[in-house]
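User: I would like a close look at a single part of this model, followed by its wider setting.

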2 protein chains.
Amino acid sequence: MATASWVPVPEGSGYGLGHLPYGAFRRDGESARIGVRVGDHVLDLAAVAAEGLLDEALDGAETVFAAPRLNPLLERGAGAWRAVRARLGTLLDGADRSIRSRSGLAERALVSVAEVRLELPFEVGDYVDFYSSLEHATNLGRLFRPDAEPLLPNWRHLPVCYHGRAGTVVVSGTDIVRPRGQRKPPSAPAPVFGPSARLDIELEVGFVTGRANRLGEPVPVPRAEEHIFGLVLVNDWSARDIQAWEYQPLGPFLGKSFATSISPWVVPLEALAPFRVPGPDQDPPVLDYLRRAGAANIDLELRVRLNGGEIAATNFRHMYWSMAQQLAHATANGATARAGDLFASGTVSGPGRRERGSLIELSWNGAEPIELADGSTRTFLEDGDEVTISGWCGGDGRPRIDFGEVSGRIVGSA
Amino acid sequence: MATASWVPVPEGSGYGLGHLPYGAFRRDGESARIGVRVGDHVLDLAAVAAEGLLDEALDGAETVFAAPRLNPLLERGAGAWRAVRARLGTLLDGADRSIRSRSGLAERALVSVAEVRLELPFEVGDYVDFYSSLEHATNLGRLFRPDAEPLLPNWRHLPVCYHGRAGTVVVSGTDIVRPRGQRKPPSAPAPVFGPSARLDIELEVGFVTGRANRLGEPVPVPRAEEHIFGLVLVNDWSARDIQAWEYQPLGPFLGKSFATSISPWVVPLEALAPFRVPGPDQDPPVLDYLRRAGAANIDLELRVRLNGGEIAATNFRHMYWSMAQQLAHATANGATARAGDLFASGTVSGPGRRERGSLIELSWNGAEPIELADGSTRTFLEDGDEVTISGWCGGDGRPRIDFGEVSGRIVGSA
């Protein structure tokens with residue numbers, strides 16, 4: 001990371017050679033394709049691969065990077081991901097002239113990030129949403145079951161989760177139409193149908209997997225990270241009133257399925273090696289098939305802004321269940337995890353009051369409205385509100401890895 | 001349906017010209033492609049389309065039918081489905097010589113169903129599993145909450161459902177590996193990990209949708225059937241012990257996600273028009289957005305065999321919530337339903353004792369073992385057991401539409 005690139009990387013940029021996140025982008029009048037971000041530029045990997053410059057790292061590179069989504073790269077598996085990443089590091093190094101020596105290639109392949117439209121980076125196969133923050137699960141337990149133990153009996157034994165809707169995962173910048181649905185105020189005799197009055201966010205971090213394990217053959221914890229390609233920020237929009245009425249006994253459905261937003265740049269897991277930290281102690285000890293070792297968590301700063309002003313600041317290092325434990329659990333019954341499957345952490349909350357990753361926690365179920373910079377207050381989201389989640393590792397003199405952001409604006413339902 | 005085809009259709013066959021179900025098939029050494037079943041033969045639609053014989057019904061027919069799955073056809077929408085079905089009716093009519101007059105085409109395109117391998121008919125986008133049988137929901141309520149109202153308060157107001165795992169939907173004939181997982185016997189101090197000891201079936205019927213609605217724009221009940229391409233039989237394998245421990249508060253996950261089997265032939269909704277029947281009364285009346293009219297249900301006989309002997313017989317007409325209501329509900333919040341999304345009914349149980357579509361109901365949670373033809377008894381499934389679900393409409397002098405079967409054999413986990 002001390003190496004300089006021939007592509008300009010501004011001082012303090014979170015997109016240096018140690019990062020190299022992948023995305024799907026489109027220029028006016030061109031088809032979507034795969035690129036890698038360096039500084040404030042996108043390197044068009046379809047153009048680079050068309051010159052044969054990625055063949056030594058990946059058979060069929062031209063087809064893989066001309067695809068409109070990352071799925072063909074995800075299918076290739078961890079060995080291929082490492083080889084491509086290493087090759088890109090070489091090609092982008094200031095001492096290398098492979099790209100610049102080809103007539104017109106640098107001009108064709110390097111485009112300002114301001115000039116492209118970023119698309120959904122991968123076609124989502126299945127979407128699993130966990131509930132892996134001890135602080136979040138405890139807060140929700142206190143709110144909904146004030147007279148009982150906040151955590152249900154299974155919570156410390158397994159990473160609780162459910163399947164969300166893969167087809168409504170959208171890329172950052174997509175407007176979010178306020179969902180309609182059934183809700184039943186406790187005092188009402190019957191449910192009513194209409195726009196959600198308790199629209200919320202969930203600050204989450206997700207990972208995407210590569211080539212599938214065989215059906216019937218679980219992925220054990222020690223091998224789980226070989227299946228993880230990279231990470232994105234996730235906003236798991238939630239309609240609390242719809243969810244409260246529908247969720248017994250089979251879990252959340254319409255309260256979640258209207259939209260889930262993800263950030264456009266997929267941060268390679270390999271890039272996060274310098275930021276690994278141990279996870280919190282797990283007590284009682286987990287069953288053997290969930291046992292973890294080493295630096296299971298990631299020191300990843302997370303922020304939430306509402307209409308520009310920060311409303312929450314937390315860190316992904318707090319998570320009780322690690323990504324490897326989540327993936328091992330989700331395949332323990334023999335289920336496959338395929339290329340493009342998205343696994344989100346569940347709301348990331350920390351111990352402090354401002355470290356809560358949802359409005360239902362920040363406003364304590366509406367009892368304690370939060371104040372915004374313009375003097376207005378919020379319990380839940382209003383039409384026109386814009387929410388932006390951002391994240392980064394390092395900085396303050398250390399190399400920095402920027403996750404970018406995931407944002408969305410609430411639009412009233414027609 | 002009085003018309004005879006030039007393809008032999010045995011007396012009493014459930015695969016006459018009024019049916020024409022679609023599937024994905026493969027011959028030795030050839031790629032998978034789309035076919036339609038007539039009698040005991042499969043007509044290779046890729047071969048027929050390559051001669052231009054389907055062009056008048058569908059632009060780009062050659063590409064659509066040479067695809068290994070039905071998804072490109074699903075994308076085309078209801079107008080295209082009707083046109084293709086009408087054209088196939090013409091081409092297969094005994095008076096039409098379009099196929100037979102082309103040298104060698106009939107020989108190339110017509111293959112015995114015994115000589116092909118049937119594959120998963122469509123790539124599953126999202127998989128939603130409902131809980132729409134009043135009798136099933138009531139039975140489970142009685143078993144699990146003996147001292148309370150069997151139905152939860154929301155059940156008669158909305159079609160309760162959850163998302164299952166799309167990536168583990170498999171075609172009939174796929175072996176089912178007994179899943180491992182956490183379970184906690186009520187008396188045990190802590191959970192244990194191991195093979196499920198309460199492996200069950202769920203007899204269901206599923207539908208698959210076509211081209212997506214726009215995100216944020218629900219599909220209303222009166223237009224819902226325009227989005228439904230066809231139906232399949234579903235066995236939603238369930239590990240009751242894993243499910244019981246994991247499902248609070250976010251619903252079933254590993255207890256279901258190891259496998260869901262579907263039948264290989266997709267029965268066009270259009271073919272079922274003669275078998276439509278009214279659904280049961282809905283009391284209390286449903287909210288406006290769920291209001292239905294006309295013959296919402298389908299008179300579809302269903303059977304379950306365990307190791308060859310029949311253990312249950314019921315009918316899809318019993319369902320409380322209709323398919324159109326299910327789809328309207330699932331999109332009421334603006335969520336999309338895409339080409340290839342699978343929506344399953346939930347266990348189909350009827351009022352009688354032998355009309356129950358799961359072993360947990362048939363054996364009353366293990367308290368009343370069922371006897372098999374060989375004199376052995378079962379509460380839940382043992383390794384080596386083979387379960388076959390079959391279904392048909394009509395017969396007994398009326399035209400018959402055969403759904404074929406969905407079967408699977410339990411294999412011990414390694």
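Which residues of H4(B) are buried?

Analyst: This is a predicted model, in which local features need pLDDT of at least 70 and side-chain atom pairs count only at pLDDT 80 or more, while totals for chains, interfaces and linings use all residues. Residues are numbered from 1 along each chain as its sequence is written, chains are lettered from A and ligands numbered from 1 in the order in which they are written, and side-chain values use heavy atoms, with hydrogens and water left out.

In H4(B), the buried residues are B:Ala78, B:Ala80, B:Trp81, B:Val84, B:Arg85, B:Arg87, B:Leu88, B:Leu91 and B:Leu92. Buried means under 20% relative accessible area, with a 1.4 Å probe and protein chains only. Helix H4 of chain B covers residues 78-92; a helix is a DSSP run of H or I with at least four residues. Its 15 residues should span 21 Å at 1.5 Å a residue, and the end C-alpha atoms are 21 Å apart, which agrees. The expected span is 1.5 Å times one less than the number of residues.

Elsewhere in chain B, B:Ser132 lies in the loop between strand S6 (127-130), a strand being an E run of at least two residues, and helix H6 (134-144). B:Ser132 counts as buried because its relative accessibility is 0%. Its side chain makes a polar contact of 3.0 Å with that of B:Gln326; such a contact is a pair of N or O atoms within 3.5 Å, and within protein one must be able to donate a hydrogen and the other to accept it, residues adjacent in sequence counting only if both atoms are side-chain atoms.

Terms used
Buried means under 20% relative accessible area, exposed over 50%, partly exposed in between (1.4 Å probe, protein chains only).
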